[in-house]
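Dear colleague,

I am passing on a structure that I would like you to look over. Please have it open while you read the notes below.

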Amino acid sequence: SKRLCGRHKTGCISTFYSTHGVQYRSVAGRARGYQLGTTDGFASQVSNNISAAYMDGVSVTHGSSPRKHIWSFVAGLMEMEHEHRHHCPYSSPRGVQPPSFVGNDFFFEAGSTRHPAVNV
């Protein structure tokens with residue numbers, strides 16, 4: 001099992017898992033995340049570029065040229081907040097919409113229920 005652990009103020013941390021040429025039809029895995037401070041969901045996206053920091057959370061992609069999105073676990077700030085740009089795109093009021101390459105292939109969750117967000 002290969003582990004990746006990291007924390008960045010900006011940018012991305014990534015790792016590569018080789019299939020060693022073996023064809024596959026599905027991807028399975030497990031991720032454990034911890035919220036610290038302000039996770040912004042899709043509100044921190046700076047571009048519609050899969051190689052840029054387009055959300056706070058974990059993203060699974062495949063390929064290299066071009067890279068393609070499979071699924072993302074998106075971390076929002078908290079369940080109920082006044083600044084709705086950090087909300088899930090499908091909540092009320094709506095948060096920032098995902099980049100077009102993400103589509104509906106994501107799960108959005110927050111680790112805190114109150115403001116200010118607390119470490120959980």
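The model is a predicted one, in which local features need pLDDT of at least 70 and side-chain atom pairs count only at pLDDT 80 or more, whereas totals for chains, interfaces and linings use all residues. Residues are numbered from 1 along each chain as its sequence is written, and side-chain values use heavy atoms, with hydrogens and water left out.

The protein chain holds three strands and zero helices, where helices (H or I, at least four residues) and strands (E, at least two) are DSSP runs numbered from the N terminus. Of its 120 residues, 25% are buried, a term that stands for under 20% relative accessible area, with exposed meaning over 50% and partly exposed in between (1.4 Å probe, protein chains only). Among contacts (heavy atoms within 4.5 Å) with a separation of 6 or more, 51% are between residues 24 or more positions apart.

Strands β1 (residues 57-62) and β2 (residues 68-76) run antiparallel and are joined by six bridges; for two strands to pair, DSSP must find at least two bridges between them. His 62 has Lys 68 in β2 as its bridge partner. The two strands form a hairpin with five residues between them, and Gly 63 in the turn has a positive phi of about 85°.

Leaving aside neighbours within four places in sequence, Cys 88 is in contact with Arg 94, Gly 95 and Phe 108.

Rings of Phe, Tyr and Trp (its six-membered ring) pair if their centres lie within 6.5 Å, and planes under 30 degrees apart count as stacked, over 60 as edge-to-face and the rest as tilted. By this rule there are four aromatic pairs. One of them, Phe 42 with Phe 106, is edge-to-face, at 5.3 Å centre to centre and 90° between the planes; this pair links Phe 42, in the segment before β1, to Phe 106 in strand β3 (residues 106-110), 64 residues apart. The rings of Phe 42 and Phe 108 have centres 6.4 Å apart and planes at 40°, so that pair is tilted. Phe 42 is buried at a relative accessible area of 1%, and Phe 108 is buried at 15%.
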